[in-house]
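Here are a few notes to read alongside the model.

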Amino acid sequence: MNEKYTLTTIQDEAVPLASAPAGGSSLQISLLMMGVIAVLVVISVIILYRYLEQCRELRMRLTELDEELLTGAGRRYRYSRKWLSDALNEKEARMGGAAFAESRAWKRGLAARRVSAQEQKI
C-alpha cells in the first residue's frame, strides 16, 4: 500500500478533429454513398423496364400468331422472356416462309426499311 500515485490534470481545450472520422467529412461520404445508391436504383429501373418491354413485345407477337398459346399458358410464363422467345421461335419455324418474314416485320420502322430495300433492289 505504499505505492505512489500521481494525479494528472487535463485542461479543457477545443480539439477540432475530435468529432471527425479518420477518412474525412462524414457528410461527404454519406452524400457519395447516397449518390452511388441512387445511380444503382436508376440503372435497375431502366433494366427492369427494358425487360418488361421486351416481354410485352414478345407477347404481342405471339398473340398475333397464336392467341390460344398464351391463354393456355396463363400467367405462369407472362414475364418469362426465355419461354416467350422460345415459343415465338417455335411458332415462327412452324409457319415458315413468308409468314415468318411477315411476323418479323411487325416492329416499327422495320417494315418500312424492308420495303425501301426491296425498292432499291428493283
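The points below go from the whole chain to single residues.

1. A word on the basis first. This is a predicted model, in which local features need pLDDT of at least 70, side-chain atom pairs count only at pLDDT 80 or more, and totals for chains, interfaces and linings use all residues. Residues are numbered from 1 along each chain as its sequence is written, and side-chain values use heavy atoms, with hydrogens and water left out.

2. The chain has 5 helices and 0 strands, in the order α-α-α-α-α. Helices here are DSSP runs (H or I, at least four residues) and strands likewise (E, at least two), numbered from the N terminus. Of the 122 residues, 11% are buried, where buried means under 20% relative accessible area, exposed over 50%, and partly exposed in between (1.4 Å probe, protein chains only).

3. Buried residues in α1 include C55, L58 and L62.

4. Do look at the nonpolar surface patch of L32, V36, V39, L40, I43 and I47, with about 550 Å² of accessible area together. Such a patch joins nonpolar side chains (Val, Leu, Ile, Met, Phe, Trp, Tyr) within 5 Å, from residues with over 30% relative accessible area and no salt bridge; areas come from the Shrake-Rupley method with a 1.4 Å probe, and for residues only the protein chains shown count as cover. V36 lies in helix α1 and is partly exposed at 39% relative accessibility.

5. There are 2 salt bridges in the structure, each a side-chain nitrogen of Lys or Arg within 4 Å of a carboxyl oxygen of Asp or Glu. R56 pairs with E53 (2.3 Å, N to O); both lie in helix α1, 3 residues apart, about one turn. R56 is partly exposed at 31%, as is E53 at 21%.

6. The pair D86 and K82 has its closest N and O atoms 3.0 Å apart. They sit about one helical turn from each other because they are 4 residues apart in helix α3 (residues 81-95). D86 is partly exposed at 38%, whereas K82 is exposed at 59%.

7. Finally, L69 in helix α2 (residues 67-73) touches L62, W83 and A87, leaving aside residues up to four places away in sequence. Contact means heavy atoms within 4.5 Å. L69 is partly exposed at 28%.

Key: Patches are made of residues with over 30% relative accessible area and no salt bridge: like charges are joined within 9 Å, nonpolar side chains (Val, Leu, Ile, Met, Phe, Trp, Tyr) within 5 Å.
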